[in-house]
Amino acid sequence: MPAVSKGDGMRGLAVFISDIRNCKSKEAEIKRINKELANIRSKFKGDKALDGYSKKKYVCKLLFIFLLGHDIDFGHMEAVNLLSSNKYTEKQIGYLFISVLVNSNSELIRLINNAIKNDLSSRNPTFMCLALHCIANVGSREMAEAFAGEIPRILVAGDTMDSVKQSAALCLLRLYKTSPDLVLMGEWTSRVVHLLNDQHMGVVTAAISLITCLSQKNPDEFKTCVSLAVSRLSRIVSSASTDLQDYTYYFVPAPWLSCKLLRLLQCYPPPEDGAVKGRLVECLETILNKAQEPPKSKKVQHSNAKNAILFEAISLIIHYDSEPNLLVRACNQLGQFLQHRETNLRYLALESMCTLASSEFSHEAVKTHIETVINALKTERDVSVRQRAADLLYAMCDRSNAKQIVAEMLSYLETADYSIREEMVLKVAILAEKYAVDYSWYVDTILNLIRIAGDYVSEEVWYRVIQIVINRDDVQGYAAKTVFEALQAPACHENMVKVGGYILGEFGNLIAGDPRSSPLVQFNLLHSKFHLCSVPTRALLLSAYIKFINLFPETKSTIQEVLRSDSQIRNSDVELQQRAVEYLKLSSIASTDVLATVLEEMPPFPERESSILAKLKKKKGPGAVSVNELEEGKREGGELNGGGERGDNSAIAASNASTPSPSADLLGLRTGPPVTAAAPSAGSLLVDVFSEAGVNDDGFLSSAPPSVVSEDPATPLPESNELLNKFVCKNNGVLFENQLLQIGIKSEYRQNLGRMYLFYGNKTSVQFITFTTTVTCPGELQSQLNVQSKPVEPLIEGGAQVQQVINIECLTDFSDAPLLNIKFRYGGALQNLTLKLPVTINKFFQPTEMASHDFFQRWKQLSLPQQEAQKIFKANHAMDTEVLKAKLLGLGMALLENVDPNPENFVCAGVIQTKAQQVGSLLRLEPNAQAQMYRLTVRSSKDTVSKRLCELLAEQF
Amino acid sequence: MIGGLFIYNHKGEVLISRVYRDDIGWALISSTGGRSRRNAVDAFRVNVIHARQQVRSPVTNIARTSFFHVKRSNIWLAAVTKQNVNAAMVFEFLYKMCDVMTAYFGKISEENIKNNFVLIYELLDEILDFGYPQNSETGALKTFITQQGIKSQTKEEQSQITSQVTGQIGWRREGIKYRRNELFLDVLESVNLLMSPQGQVLSAHVSGRVVMKSYLSGMPECKFGMNDKIVIDKQGKGGTTDDSGKSGKQSIAIDDCTFHQCVRLSKFDSERSISFIPPDGEYELMRYRTTKDIILPFRVIPLVREVGRTKLEVKVVIKSNFKPSLLAQKIEVRIPTPLNTSGVQVICMKGKAKYKASENAIVWKIKRMAGMKESQISAEIELLPTNDKKKWARPPISMNFEVPFAPSGLKVRYLKVFEPKLNYSDHDVIKWVRYIGRSGIYETRC
């Protein structure tokens, strides 16, 4: 840059700036600025033309005012004029103003682009650089459109100065980042890659940034750069520290360039060419060797530059993950850094080691540093380094050292920072589970965990202990004993009480033999914690008590006493009160046999991915947890919940799978808050216990999974087709049910019109807000069916039901079903589910009575092959004549008696009423009782109708 | 209740910091992760004093903490609380606090606050207790918070102060004696107006104050009467009927009013008479607001003509609208100019006019002007063409003045003084009454 001559000092600007700096208050500053603006306006207005110097000065002032945060709406023209000046300083200020204050004002943009073009085509390198900087700084789409073609030419032209080449490369990079579609490299690719061979190191450094970015998008096109990069790297690495002159930084040759080269190589797999690969390995070895050499300077810059290259090389080695020798060397090098004085180095070493630990070649090598890492965890002053150490310990853990690592992590937990405690807890829990050889050790570890860091133990952790204890017979007795001992501590965490309550309730009998832990002692121990616990825990304890009654009949009177006390039976909390009342009644009315069945031990849980792992993944998500992952977590929870439910046949509420059973609740594995969700279920509990018959007359109800929360509104539930079939032969019933919501349906049809009443029942005690439903007809259904739905109340109180009326008009025949999408918020979480509305073509049947003779005449008339649809299928249900009759009647056609010569066969006739036309249909169903098969024949005047009817009916019998 | 009180200078540096409750600051810990109280202080500086956009609301909520501020010249007073307090109470307190400080050391400026910080802390201890406002009567405070060194007070004097401060009439001490019993009464009003270009009143109201300065001996009982419509009507009903028409014209309708604590509110409620035992020295007896039958002292007639894109012609006529015998003073008309003004020529008949670039306005000053007169100014404004298509928003023309009457029409009918114990009567008291009407926000759109 040319030196600023003395005359260019712009005293006026300096005075103005110092005036502003001296302003005592904001108001004074605004006054001064207004005054200056008025002055500049009058100057710009002036009839006599301003000279370049004063124009530059005023534009500078405007720029300064703009940067102070005030609006500038004039002076653009003067700035653009400056661009065409021949003086460097004036041009520079002009470009500065343009790049700061440019807006897409069409007329000015054209002028600016013109000026830039002039400068680009000038032979003056400084002007070209200014223009390129301006393009890069603005970096807008318009700029890219105007110059994306020109810049690559400048970049690869033989006669371009080196400094201009550098600017051009970086400018192109910027344009490529903002609008990659406009920067077409095509023909330039190979010449850009060959810039790596440029004499000038600066050009290579700039070009490599561009190439790295480009090759990330299309790696194949830039493949040739690998060998060039390797040779360049090897030349740098092998050069003496004085060879590169300007590019040697504190005795390290071209550190930035080396790092960038290594990073570029990380975009590609290891080179296949043996020679290239050999050369690269040699380079990497040299880098590792150099790290061992004594430092040439004591300056921190020297070591920083050297280490930067080293770490970049190590990450390349990790990226390749194919050279055991190098991996081990890298690991050893990092091991040295673990004890380095410099905190940043220790941090980086730990971080790189974490990735090394996952490589099979270096896992063992990493493990040798365990003592150092543990030491770092204990003594490191910086929390972020400690966090890395914990990560590394987690990564290097395997069966051989799990016990040691878990023990260390547990002991660290007591003093750990609050911010990482929860993560640590999860990690300990996972390691303990993953590498547990003996489950008593596992139980000990987790109980210790709860004792040490109870507040940070999330629900998932203790759910998991219980799942494991229940699934493992061998550990149950030990668990009961340990829990019992742990509970004896005067102050124990609520999570401990939860685990204790659950395990003693299930397996208390295993330790009851010891007089020190006799049933009554166990009960008293649990009950001594009762009053200190929160409501959900208390509820769990009440369930444990009722289980005690089953396990130890001798405690019955004591427990009944407790349940009967006012603090239980008249508790202000509805859940606790209900449990107390119901359990009391259950214990006094039911016989021991019934009790034993109802309160049987929990069955094993199905094995699946640990919920804790899911939780850790969630925590580890990049930055904030993405919605997707959350959703995943939710589904995970749903599945778990399903697992809990599956076990309920032996649990307290044995009868009804459609209502969430208290056993699932006992586990508390539900995604929603357990208390509120359990309330309605408990409502039906009493009925359920004593009457076997549930409400599930519809088979699909029990199969309706709890995880109905699907994100994509367009795809209906997987069951919806099945569900649709349920309603082919009937008009009323329960369309859908899960833990939150029940949808009832009532419909009536006349001719081509139908009316459907949907009843949305809120099964929880919490209100649903922003409840909206939309009915859509996908695809061509839109032209076939006219569906109008009245809006529904946006708010459903807990336990309430709202009704929605849907009017349907059949325009012509159709085969799909309209979709019903329901969205609402329950306790803050958005629920979204899509169902198929059970509107099928047969709903618009008008029955037609006809005699045998008429029937066969019509049957013959419809003899075209496409008019007939036939299906032979196996019976899904018992072949009961009466049931079949009822179903066919429900279909909407007239069932014709005495028509078919074979009395076993069924014959029906009907007309489908649509707005456009009427479609007469005839049906014949021939059951074969021996083979348990049916043959179904449908003939109608329209082929699509026959086909659809046949499809629908085939599922029914 | 108020959790803490901070005084900042214009740079946002804390001059005075007094925390009454620990709850403030805690909310801000989690967001910024530093130390507690410091955060409340910083939050206000960052979000209000140094905010990117100028903060207009006097109440700011940051992290569930409310900051109430008032500004006096370059000084910010901020009351901080976590609770849902009565905002009007907090502001009343802040104003009172300003009054008290002014009474003690004059103008509120950074230097004065720095010089008197011990005194301010002493005052804060006295007038706020655990966030609850206490006695903030200057007269009473001055008896026990003094600026001079501690004068050795006798036990008797001390107990007297205690009984007075805690007693029924906390604002006046006993045994005051003056050779000349004098009473000054000022009716200070500020008239606010927004008028359309066609001369239609869009909104107008007067907010007034009755300020008294009393130098009376003993424990006098005063009674103050004015032409309040309700009182006059009541009397009219009691008296002759033909009188009511006349009095209706002279009486005024007060929309709302507040009184100094010395006024007996029960008496005002039942009889609408204002009776009180006055504090010694200067105090504000009442504040009121009227919206009906306001006498607008000046009328501004603007005329703006845009000649092309680069020129603007402005003509403004002002007319005074009161008795010719009265003289208005300190008249100033402020005509805003567009933001792209590049030159202004002004011609005026009377007074002086000047284009002030720093304020983007033409300021026209007239020293004195009698009633029922008229004066005009015309200006030519040259504009610089801009590439912004934004139109000039045409802010209203504003005006300042001072007139020697009450624009609301308020008249003092009587002010009686009774002192049964000492032997001076109402006639012996020298009374001075003065009316001053000032402009508040007095604007005419153009």
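How much area is buried between chain A and chain B, and what percentage of it do carbon and sulfur atoms give? The legends below refer to a predicted model.

**View 1. The interface of chain A and chain B.** About 1500 Å² is buried between the two chains, and carbon and sulfur atoms give 47% of this area. Of the area that chain A buries against chain B, 40% is supplied by Arg41(A), Lys45(A) and Asp73(A), more than by any other three residues. The contact involves 18 residues of chain A and 20 residues of chain B.

View 2. The interface holds 2 salt bridges. A salt bridge joins the side chains of Glu27(A) and Lys71(B), with an N to O distance of 3.9 Å. Helix α2 of chain A (residues 26-45) contributes 10 residues, the largest share of the side of chain A that touches chain B. By class, this side of chain A comprises 8 charged, 5 polar and 5 nonpolar residues.

**View 3. An open sheet of chain B.** The sheet consists of 3 strands in the order β12-β10-β22, with antiparallel pairing. Strands β12 (274-276) and β22 (412-418) of chain B lie at the edges, each pairing on one side only. On average, neighbouring strands of the sheet are turned by 15° against each other, direction ignored.

**View 4. The pairing of β10 and β22 in chain B.** Strand β10 (residues 221-226) of chain B pairs with β22(B) in the antiparallel sense, over 6 bridges. Cys222(B) has Val417(B), in β22(B), as its bridge partner. In general, strands of a sheet pair through backbone hydrogen bonds.

How values were computed. Residues numbered from 1 in each chain as written. Chains lettered and ligands numbered in written order. Predicted model: local features only at pLDDT ≥ 70, side-chain atom pairs only at ≥ 80, totals over all residues. Heavy atoms only, no water. Contact = heavy atoms within 4.5 Å. Buried area = accessible area lost by both parts, 1.4 Å probe. Salt bridge = Lys/Arg side-chain N within 4 Å of Asp/Glu carboxyl O. Helix = DSSP H or I, 4+ residues; strand = E, 2+ residues; numbered from the N terminus. Nonpolar A, V, L, I, M, F, W, Y, C, P; charged D, E, K, R; others polar. Pairing = 2+ DSSP bridges. Axes fitted to C-alpha atoms, helices over the stretch in contact; angles between N-to-C directions.
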